[in-house]
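Visitor: I would like to learn how to read a contact between two chains. Could you take me through one?

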Amino acid sequence: MQLLDAGSTDEWAATFTEDGVFEVGDSAVHGSEDIARAARKVADEFAAAGVQRRHWIGMLTVTPGGDGELTARSYALVLEIPTGGEVVVRRSTVCTDRLVSSGGQWRVKHRRVTRDGLDPA
Amino acid sequence: MQLLDAGSTDEWAATFTEDGVFEVGDSAVHGSEDIARAARKVADEFAAAGVQRRHWIGMLTVTPGGDGELTARSYALVLEIPTGGEVVVRRSTVCTDRLVSSGGQWRVKHRRVTRDGLDPA
Amino acid sequence: MQLLDAGSTDEWAATFTEDGVFEVGDSAVHGSEDIARAARKVADEFAAAGVQRRHWIGMLTVTPGGDGELTARSYALVLEIPTGGEVVVRRSTVCTDRLVSSGGQWRVKHRRVTRDGLDPA
């Protein structure tokens, strides 16, 4: 998430598998290429608006699956700080990742984000 | 705290010992049964109001005691997110737990929560 | 940071090396003695105003340097809670520390804090 906050959207998208899925609420983006493209668009909008985003991950639990996968569940908080302005706690979410080991690195095969107050838990 | 946020109040209360004590400010609840009952009441109120709570634990320090107990001190932040509404950072607290090992699991024998701005530190 | 929040400014300043540098934005304090003095002044002001500060550190990455130093990069959030008042998320920052081992303890040789919305990243 630090890569995303730094605007390094390609590097961030590379933490997904090539066929990775990124679900937020009831919409989903399929494939790391499209995930990178979507992230770039959002990052450009925030940069143009002069808003720094900060994603905080916490309360992590990791559960091994029988098939070598891991399920990582965490709370994620999204902060937005406009140039010269106050910190806004924009969103509280729960993030559930299915992780697979690929090339000596854990990658996200499936990420599901539910936004508190907006999406059903 | 994730159990509490999910409304699983009995499971959450089971992280206390049977004779566990839960102190917040100058009030205290004694015994995991009463702790469960009190938590259920609060959880029902939040559910009825359509408010999601999120407890974040951070800045943890763990100190071993001479008697096999552990003292765990952490900051805890309480967020509230109403349906369709903005994130509210409701409370900043310090949580001090005395933990005992019981049946292969650490349980809370005594939890003391001080709420910043309300309770003496 | 818990020492700082507790008003134990000397103990907090002792986590720096004697010649440690503390940079925030484009100002810098040199030497643990001056760092302690500056921290004391700020702590006294907050105490006089009846405001509790809480520093949350998260999203930590640690990178070893070739020379036995460590670079620790983290997000740091500064909360302020006035007596009887609401929690204010005052500041979101990125904290980059160069740590050296000294007397069996890691100490901060150089800390650079950039404040989101105020300082260039």
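Visitor: How many residue pairs are in polar contact across the interface of chain A and chain C?

Guide: This is a predicted model. The rule finds six residue pairs in polar contact across that interface, both residues being at pLDDT 80 or more. It also finds two salt bridges there. C:Asp116 forms a salt bridge with A:Arg54, with the closest N and O atoms 2.8 Å apart.

Visitor: Which element gives the largest share of the side of chain A that touches chain C?

Guide: S3(A) does, with five residues. The elements that give two or more residues to that side are helix H1 (2–5), strand S3 (51–64) and strand S4 (70–82) of chain A.

Visitor: How is the size of an interface given?

Guide: It is often given as the accessible area lost when the parts come together. Here about 1300 Å² is buried between chain A and chain C, and carbon and sulfur atoms give 60% of that area. On the chain A side, A:Gln2, A:Arg54 and A:Trp56 supply 51% of the area buried against chain C, more than any other three residues.

Visitor: What rotation superposes chain A on chain C?

Guide: A rotation of 120 degrees, with 0.0 Å of shift along its axis and an RMSD of 0.0 Å. That is the relation of a three-fold axis. The copies use different surfaces, since 19% of the contact residues of chain A recur in chain C.

Visitor: Where is C:Asp5 placed, and what does its side chain join in a polar contact?

Guide: C:Asp5 lies in helix H1 (residues 2–5) of chain C. Its side chain and that of B:Tyr75 are joined by a polar contact of 2.7 Å. C:Asp5 is buried yet has no salt bridge, and the nearest side chain of opposite charge, C:Arg54, is 4.7 Å away.

Definitions and conventions:
Residues are numbered from 1 along each chain as its sequence is written. Chains are lettered from A and ligands numbered from 1 in the order in which they are written. This is a predicted model: local features need pLDDT of at least 70, side-chain atom pairs count only at pLDDT 80 or more; totals for chains, interfaces and linings use all residues. Side-chain values use heavy atoms; hydrogens and water are left out. Helices (H or I, at least four residues) and strands (E, at least two) are DSSP runs, numbered from the N terminus. Buried means under 20% relative accessible area, exposed over 50%, partly exposed in between (1.4 Å probe, protein chains only). Lys and Arg count as positive and Asp and Glu as negative; His and the chain ends are not counted. A salt bridge is a side-chain nitrogen of Lys or Arg within 4 Å of a carboxyl oxygen of Asp or Glu. A polar contact is a pair of N or O atoms within 3.5 Å; within protein, one must be able to donate a hydrogen and the other to accept it, and residues adjacent in sequence count only if both atoms are side-chain atoms. Copies are superposed by least squares on the C-alpha atoms of residues with pLDDT of at least 70 in both. Contact means heavy atoms within 4.5 Å. Buried area is the accessible area (1.4 Å probe) that two parts lose on being put together, summed over both.
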